[in-house]
Amino acid sequence: MKRTLLIARREYVAYAKTVGFWLSLLAFPMFAVLGGGIPLLIRSAEPVKTVALVEESPAATGLAAEVRTALEEEKARLAEKVQEAAQKGQGAAGRAAASIAGPKMRLVEAPASITVAPAGPAREAALRETLDKAAPKDRRLDAVVFLNRVEGKPQAQVWTARTTDNDVEGFVRDALRRGYRDQALTAAGVAPALVEEIEAFKPEVKAFSPDAASGGEVSMRDRIPSFIGLGAGFLLWSLVITGASILLNSVMEEKSNKILEVLLSSASASEILTGKVLGVALLTLTVLAVWAGIGSSVLVSASPETAATIGQVLLDGGLVFYFIAYMVGGYLMYAVLFAAIGAFCETPRDAQTLMGPIMMILVVPILVMQMALTSPDAPVVKVLSWIPFFTPFLMSARAPSDPPLIEIVLTLVGMFATAVLMVWIAGRAFRAGALSDVKLSWKTFGRAVTGR
Amino acid sequence: MTAALTLEGVSKRYGGFDAVRDLSFEVPKGSICGFLGPNGAGKTSTLRMILGLQPATSGRIDILGAPNGRLVRDRLGFLPEERGLYKKMTPVEAIAFFGALKGVPMGEGKRRAKQLLEQQGLGAAQKKKMKELSKGMAQKVQLIAAVVHRPEFVILDEPFSGLDPMNQQGLEEMIRGLAAEGATVLFSTHVMQHAERLCDKVVLLARGRKAFEGSVDEAKATSPRFLDLDGAITPEAATALPGVAGVETLSDQDGVRRLKIALAAGAGGQETLKAAFLNGLDVRGFALKEPTLHDAFINLTGDNPDQALNRSEAGQ
């Protein structure tokens, strides 16, 4: 036991002392923040477009005013959303998201050179000059919109400085469509006040389910468990794979540096294997603790209500304990297998023969887990969750949707029985591999396990 | 003298290949024993069986009173043929870690590590990372790591390989030091000179079988003495001389040869030399040579210890 702990300690310290470990540890939350924050930053950093509206003929009278009104209404609607987000306590991120959504444009008067010139080459020349990036800033426009009515229907030609810019086009289309609809309805005898009321109407739709916590109406509290399950499945998958890969690399390093044989003369194969598995498990728990710490701090500050609900969901029905059990079983199965493979290899290339198919199999739960979010009882999800190598990930994803207790118990038993079998197989293979110079293949691995 | 190690009829088979066959020998307590043979003779397999890293296919092993090296692990020190330590550890950390695995408290291990490193002239390297040390320095550190727990029995697999003459000499002194402190040392090598200088006893292994067990002098006594002759002498003419058991041409430059003449048992060499002069052979130089352990090995096994045997050791 003392030797096992010594090996575990060395394994832990060897990684925890490196800068790379802490960098990669913080990389995930950092990228998560960046992943959410960067689009907001990009959107908020976008310049406000200067757009001029030109009514091409008397028939187009009123179209510019429609577009202008639509822009003002949109800005007013966004201001309301920001206020709403602040009232709901959605935090800075929610307010920022609301504030940057919508069109970023400023409407200005069109220069005379464009309005005076008749349609044709002269006007196009004036347009090119105004939209040119080299034009002086105070005279440069980002877009010019020519509005017209043909047979009573609004039309527009949008000239933009960049071919890829379709924001103005989209906004003008919506504004004209709305204006035309209002006019058509009014012309048909519908009162303008009624049109406005119909537009502002938001039907109240409520979801009900006998499974809901309240016994009837479905709330956010009822939907959170599925997301937690999916999140836990993915987190478990990434932690198990990360831990097992660390172990694979660690054993390979010891094999290539010829340390394994010295270790074997000082401790038994099972002590070494257990020590290493334990050391990396502690390392993985450190990662989990740091991620959980950062995640919960961010969540509590951004949305305390959601944080409280998640905490409640995790504790209700012992969900957190299922997750722990699946993590232990999953880690054990894969960690010992990867360690045993590592004992035969000196370079990652040596390990490819076995690692390739194993990694391909490991993609399956990733694909199926997403299905578990919407259909946790789908036959494919149920069947695959009985396969011990998939159980930890798929049952984690299914656990919050209350699968039958018998399934939970039997899959747990199957998983732990397989884990014990894997420990036995890996122990034999580890000892044989550590002292062997043979090239790794399924055949040599099998021979090491069977002792032939 | 009591035996620290006894092997009786030990064999090791990998699939269809016999790596070690019916091997029996003893290593007396407190002695330095050389386990000699060319690469591929079965030395590493034997040492691994003694340590309990691999089971013997048949036979009996008794080490420090136990049937398996694993049962007396903390009383054994082992330096494997292919060596390595954790590259990012300092020598003190590495030695203390391996000492701790053998039951030496970490603090005490560090204290001993510093002391032993100082003794070996590695005081300045204490705080360097292992990867920054030269190969010779790293090997010394590894040997210290193997003996920091003061083992009763030290097993060294090809300890001299890869070392320059200076470091080889240093290692020889370390091995003598271990024996002087009462430890039993068993080391394998294919370089006979080291065994000749160090060993109280040698065990010669050829193709998995024991070819000889005894003292260095006893081994050498099994080999004939040699007479080297230089001159325009044909091997046939030399073979015809009295007391000659065999002739080997060491060099030949336009008919001027150096011949190594193996003398027959009991032949002193004077008669052979006298006959060479009387027969009018063109003797331009001569030297009478006592056999070396290397000669004894070739004589006993027919193998050259410097040449690796082409034995397929699948599974090893």
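**Entry 1: domains**

Into which domains is chain A divided? I looked this up first, keeping in mind that the model is predicted. Chain A has a domain 1 made of 2–27 + 221–450 and a domain 2 made of 56–105 + 142–200. I then looked up the spacing: the centres of domain 1 and domain 2 of chain A, taken over C-alpha atoms, are separated by 53 Å.

I turned to chain B next. Its domain 1 covers 3–220 and its domain 2 covers 224–290. For these two domains of chain B, 41 Å lie between the centres, again taken over C-alpha atoms.

**Entry 2: helix 9 of chain A**

I wanted to check the length of helix 9 of chain A, residues 220–256. With 37 residues at 1.5 Å a residue, helix 9 should span 54 Å, and its end C-alpha atoms are 53 Å apart, so the two values agree. I also looked at what follows helix 9 of chain A: A:K258 has a positive phi, near 60 degrees.

**Entry 3: helix 9 against helix 16**

How do helix 9 and helix 16 of chain A lie relative to each other, parallel or antiparallel? I found that their axes come within 6 Å and cross at roughly 160 degrees. Angles over 145 degrees count as roughly antiparallel, so that is what I wrote down for helix 9 and helix 16 of chain A. The crossing is right-handed.

I listed some of the residues that make this contact. From helix 9 of chain A they include A:G229, A:L236 and A:W237, and from helix 16 of chain A they include A:F393, A:L394 and A:R398. By class, I noted nine nonpolar, three polar and one charged residues in the contact of helix 9 with helix 16 of chain A.

**Entry 4: helix 16 against helix 17**

Helix 16 (residues 391–398) of chain A also pairs with helix 17 (residues 405–434) of chain A: the axes come within 10 Å and cross at roughly 160 degrees. These two helices are therefore roughly antiparallel. Here I noted a left-handed crossing.

On the helix 16 side of chain A I found A:T391, A:P392 and A:M395, which meet A:T411, A:G414 and A:M415 of helix 17 of chain A. This contact has three nonpolar, three polar and no charged residues.

**Entry 5: where the chains touch**

How many residues of chain B are in contact with chain A? I found 22 residues of chain B in contact with 18 residues of chain A. On the chain B side, helix 1 (43–51) and helix 2 (91–101) are the elements that give two or more residues. Helix 2 of chain B gives the most, with four residues. By class, the side of chain B that touches chain A has 10 nonpolar, four polar and eight charged residues.

How values were computed: Residues numbered from 1 in each chain as written. Chains lettered and ligands numbered in written order. Predicted model: local features only at pLDDT ≥ 70, side-chain atom pairs only at ≥ 80, totals over all residues. Domains from an automatic or database assignment. Expected span 1.5 Å × (residues − 1). Contact = placed C-beta atoms within 7 Å. Nonpolar A, V, L, I, M, F, W, Y, C, P; charged D, E, K, R; others polar. Axes fitted to C-alpha atoms, helices over the stretch in contact; angles between N-to-C directions. Parallel < 35°, antiparallel > 145°, perpendicular 65-115°, else oblique. Left-handed = near helix turned anticlockwise from the far one by under 90°.
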